[in-house]
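Please look over the sequence and the three-dimensional model below before reading on.

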Amino acid sequence: MSDRPSSPGDDVPDDVDSLMILSPEQYEVLLKAREELGHDLSRGQVEALLKELEERS
């Protein structure tokens, strides 16, 4: 490791365009689905679950 301070851009993940901001309710729905499946959700699964949640609201 270097002793030099990191530049501000070093904290930005490469996939920043695919990050999502979730409400607590959305997070709980996705967490429950992930636990039931036993593996990570695909992007399509996440979008489908969020759409279903939105339609129920």
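Predicted model: local features only at pLDDT ≥ 70, side-chain atom pairs only at ≥ 80, totals over all residues.

Residues are numbered from 1 along each chain as its sequence is written, and side-chain values use heavy atoms, with hydrogens and water left out.

**Fold and surface**

- The protein chain has two helices and zero strands, where helices (H or I, at least four residues) and strands (E, at least two) are DSSP runs numbered from the N terminus.
- Of its 57 residues, 11% count as buried, a class that means under 20% relative accessible area, with exposed being over 50% and partly exposed in between (1.4 Å probe, protein chains only).

**Nonpolar core**

- Leu30, Ala33, Leu41, Val46 and Leu50 form the largest nonpolar core, that is, a set of buried Ala, Val, Leu, Ile, Met, Phe, Trp, Tyr and Cys residues joined through side-chain atoms within 4.5 Å.
- The elements that give two or more residues to this core are α1 (24–37) and α2 (43–56).
- Leaving aside residues up to four places away in sequence, Leu50 touches Met20, Leu22, Gln26 and Leu30, a contact being heavy atoms within 4.5 Å.

**Largest pocket**

- The largest pocket has a volume of about 300 Å³; a pocket is an open set of points on a 1 Å grid over the protein atoms alone, where a 1.4 Å probe fits, with protein on both sides within 12 Å along at least five of seven lines, and lining residues have an atom within 4 Å of a point.
- Its lining includes Ser18, Met20, Tyr27, Arg34, Asp40 and Val46, and α1 gives the most to this lining, with four residues.
- The lining residues divide into seven nonpolar, two polar and three charged.

- Tyr27 lies in helix α1 and counts as partly exposed because its relative accessibility is 45%; Tyr27 and Leu50 are 23 residues apart in sequence and 9.5 Å apart in space, C-alpha to C-alpha.
- Glu47 lies in helix α2 and is partly exposed, with a relative accessible area of 41%; the C-alpha atoms of Glu47 and Leu30, 17 residues apart along the chain, are separated by 9.9 Å.

Note on methods: Points joined across faces, edges and corners; volume = space filled by probe spheres on them. Nonpolar A, V, L, I, M, F, W, Y, C, P; charged D, E, K, R; others polar.
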